[in-house]
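Student: I would like to talk through this model with you. Shall we begin once it is on the screen?

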Amino acid sequence: MEGPTPVSALIHAATMVTAGVFLLIRVSPIIEYSNVALFVITIVGALTAFFAATTGLLQNDIKRVIAFSTCSQLGYMIFSCGLSGYNISLFHLTNHAFFKALLFLSAGSVIHALNNEQDMRRMGGLVQLLPFTYTMFLIGSLALAGFPFLAGFYSKDIILELAAANYRIDGQFAYWLGTTSAFLTAFYSTRLIYLVFFAKTNNYKIIMSNVHDAPFAMAFPLIVLGLGSIFIGYLLKDLMIGPGTIAFSNAIFVHPTHYKLMESEYLPVGVKLLPVFCSLIGIVICLILNKFFSFLLFKLKTSNLGQFLFVFLTKK
């Protein structure tokens, strides 16, 4: 579904596409008694997180990249439900609402400044012309990538720790696919920022000469969402997750044999830190490839294998 960026911000962040996640959380008393249902939900969620991340990797429309990242994050929420982490799933949904709305509205600010241009290949060089929008985009992208101590870091890492603590095949499958997806998420988020703000500009001079940053009416919501993307994960983590929390009362049921949150606390440090390292590595590799080895990317994309992969991923 396509629409103006305020509409995209609403439906991708907090309402339409997340309704299925909320439904799964509410029917936890039913699906908790079916191990087959939980297994299928976990596998489908992990595959969704991975395949949506690979599709977002090579999109050229700025809104499509953000939209496929929504699909990928929904995969995390779904497989968290499959692992009986319903409260963690809702925690990630809440955090995701802030930074995804921030990303869509920031994209709207860029599109507005460039006279309705959405193709990232026709952007570039905007970091000095749109410093405020760039700052908001950077906060949202880092939160999406799970950068330490931003909103996405708290919920995404706990989801992957919960997966690692489930020593069944579906838990390990979700952990490794989710960790790979974290690398891909950081990669395409950095690619988006580089192409829009740092690459050499590829637009008409008359359009670039009229570029202006967001007016107050557009900037104020970005400031609110930017603050939420920084602080909301830290502020809500003790309320929404952990033993003894009263946030959900009897709204969520977890079968005692499925409760793995305490076990996830005692995982090896390397298992906990691997997703964070993958995100940081994804950011660094993307910057190096686009800044210093763009000719390699061009050769890869124009090779027979590269053309097949490019068409396969961009056409979903």
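Student: Which hand does the crossing of helix 4 and helix 9 have?
Tutor: Happy to start there, and bear in mind that this is a predicted model. Helix 4 covers residues 35-56 and helix 9 covers residues 169-198. Their crossing is left-handed.

Student: How is helix 4 oriented relative to helix 9, roughly parallel or roughly antiparallel?
Tutor: The two helices pack with their axes 9 Å apart, at an angle of about 20°. Angles under 35 degrees count as roughly parallel. Helix 4 is therefore, relative to helix 9, roughly parallel.

Student: How many nonpolar residues does the contact of helix 4 with helix 9 have?
Tutor: Let's look at who takes part: helix 4 brings residues including Phe39, Ile43, Leu47 and Phe50, while helix 9 brings Phe173, Leu177, Leu184 and Tyr188, among others. Asp170 of helix 9 is also in the contact. By class, the contact has one charged residue, five polar ones and, to answer you, 13 nonpolar.

Student: Which helix gives the largest share of the lining of the largest pocket?
Tutor: Good one! The largest pocket has a volume of about 860 Å³. Among its 27 lining residues, the closest to the centre are Leu58, Arg191, Asn290, Leu297 and Lys301. At least two lining residues come from each of helix 9, helix 13 (269-292), helix 14 (294-302) and helix 15 (304-314). The largest share, six residues, comes from helix 14.

Student: And how many residues of that lining are charged?
Tutor: Split by class, the lining of the largest pocket has 16 nonpolar residues and six polar ones. The charged residues number five.

How values were computed:
Residues are numbered from 1 along each chain as its sequence is written. This is a predicted model: local features need pLDDT of at least 70, side-chain atom pairs count only at pLDDT 80 or more; totals for chains, interfaces and linings use all residues. Side-chain values use heavy atoms; hydrogens and water are left out. Axes are lines fitted to C-alpha atoms, for helices over the stretch in contact, and angles run from 0 to 180 degrees between N-to-C directions. Helices (H or I, at least four residues) and strands (E, at least two) are DSSP runs, numbered from the N terminus. Angles under 35 degrees count as roughly parallel, over 145 as roughly antiparallel, 65 to 115 as roughly perpendicular and the rest as oblique. A crossing is left-handed if the near helix is turned anticlockwise from the far one by less than a right angle, and right-handed if clockwise. Contact means heavy atoms within 4.5 Å. Ala, Val, Leu, Ile, Met, Phe, Trp, Tyr, Cys and Pro count as nonpolar, Asp, Glu, Lys and Arg as charged, and the others, Gly among them, as polar. On a 1 Å grid over the protein atoms alone, a cavity is a set of points where a 1.4 Å probe fits but cannot get out, and a pocket is an open set with protein on both sides within 12 Å along at least five of seven lines; lining residues have an atom within 4 Å of a point. Grid points are joined across faces, edges and corners, and a volume is the space filled by probe spheres set on the points.
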